[in-house]
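Visitor: I would like to learn how to read a structure like this one. Please show it to me.

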Amino acid sequence: PPPAGASPGSGALNPFDRRLKRKQKNWAALQAEPAKCDYLREEVGGRIADRVFDITRTFPLALDVGSGRGYIAQHLTKETVEKLIQVDIAENALKNAVESEIPTVRVVADEEFLPFKEDTFDLVVSSLSRDLCVCALQIHQVLKPDGVFIGAMLGGDTLYELRCSLQLAELEREGGFSPHVSPFTAVADLGHLLSRAGFNTLTVDTDEIQVNYPGLFEVMEDLQGKCILCMGESNCSWNRKPLLHRETMLAAAAIYQEMYGNSNGSVPATFQIYYMIGWKYHESQAKPAQRGSATVSFGDLAKIEGLLKRGKK
């Protein structure tokens, strides 16, 4: 296994505890009725599959990075993807994978250290993996020229209601606060990271999924024992705080309800999702025209509407 805190490259430190992350995902995969808490994964997996279908080609070999129980594969068809390799750090997640019509090979490996040769895959997909920012370079390496990467990850505004309530409660009751949810990536940094990894023709868009709960304690239960742990994305940062005091939790619940509560007494939890598409360069891809080669100015385009109105008259 890689050394604690290490990342691929020049010795940069990873903000996440990789060994703890593996334990969390293995524990989550063994919980009873995991399908009850996979609603977010399955929804995002379906939206990633829709983006794969938008590309009018068949992919002979595809890779799912951080596949978990196979939330993307269950939405794909063998007419689109002929063979799929699923990679996850947690062996229990792969053992309990959802069945798919696509011929599938499952590999237990750290997503940050992909055990594949360069120029291997026609398509790489990934859903809600925190490791995308760290392993973007490796994803680019294993893609074939003109291969495409389609992924989704949690955005910077995810769970802002919960984080704000906990921080205010800790400041009031304990005189300071520490992170209880792993850090998220800002959308402004995402395109830059993919570009530095070598991807071109980038597309990044954002969406929000809001889930309502009876109160803060139900939110925490879902994040710890259901949704987030089944996603393997509970807090595994190195500077995490091991516990919250009872008085702080009660204060946070009151703040949550006061600041964000719905009229029916429930409270919302927001999940911001970033979707990204990037291509590996190939000489057959369309190239931007040379600067100054345009034959029509934007000023002329602005006149088109007026000309159309005259034509109708």
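Visitor: What should I know before starting?

Guide: This is a predicted model, where local features need pLDDT of at least 70, side-chain atom pairs count only at pLDDT 80 or more, and totals for chains, interfaces and linings use all residues. Residues are numbered from 1 along each chain as its sequence is written, and side-chain values use heavy atoms, leaving out hydrogens and water.

Visitor: How many helices and strands does the protein chain have?

Guide: Helices (H or I, at least four residues) and strands (E, at least two) are DSSP runs, numbered from the N terminus. The protein chain has 10 helices and seven strands.

Visitor: What share of the residues is buried?

Guide: Buried means under 20% relative accessible area, exposed over 50%, and partly exposed in between, with a 1.4 Å probe and protein chains only. Of the 313 residues of the protein chain, 49% are buried.

Visitor: Why is strand E4 described as largely enclosed?

Guide: Strand E4 (residues 121-127) has seven of its seven residues buried, so the rest of the structure largely encloses it.

Visitor: Which strands pair with E4?

Guide: Two strands pair if DSSP finds at least two bridges between them. E4 is joined to strand E1 (residues 62-65) by four bridges, and the two run parallel. Here Leu63 has Val124 in E4 as its bridge partner. Six bridges join E4 to strand E5 (residues 143-154), also in parallel, with Leu123 opposite Val148 in E5.

Visitor: How is a pair of aromatic rings described?

Guide: The distance of the centres and the angle of the planes describe it. Rings of Phe, Tyr and Trp (its six-membered ring) pair if their centres lie within 6.5 Å; planes under 30 degrees apart count as stacked, over 60 as edge-to-face and the rest as tilted. The whole structure holds four aromatic pairs. One of them, Tyr160 with Tyr260, is edge-to-face, at 5.9 Å centre to centre and 80° between the planes. This pair links distant parts of the chain, with Tyr160 in helix H5 (residues 160-174) and Tyr260 in helix H8 (residues 246-260), 100 residues apart. Tyr256 and Tyr260 also pair edge-to-face, at 6.0 Å and 80°.

Visitor: How far apart are Tyr256 and Tyr260 along helix H8?

Guide: An α-helix has 3.6 residues a turn, so residues three or four places apart point the same way. Tyr256 and Tyr260 are four residues apart in helix H8, which means about one helical turn separates them. Ring pairs link Tyr160, Tyr256 and Tyr260 into a cluster.

Visitor: Are Tyr160 and Tyr256 buried or partly exposed?

Guide: Tyr160 is partly exposed, at 36% relative accessible area, whereas Tyr256 is buried, at 0%.
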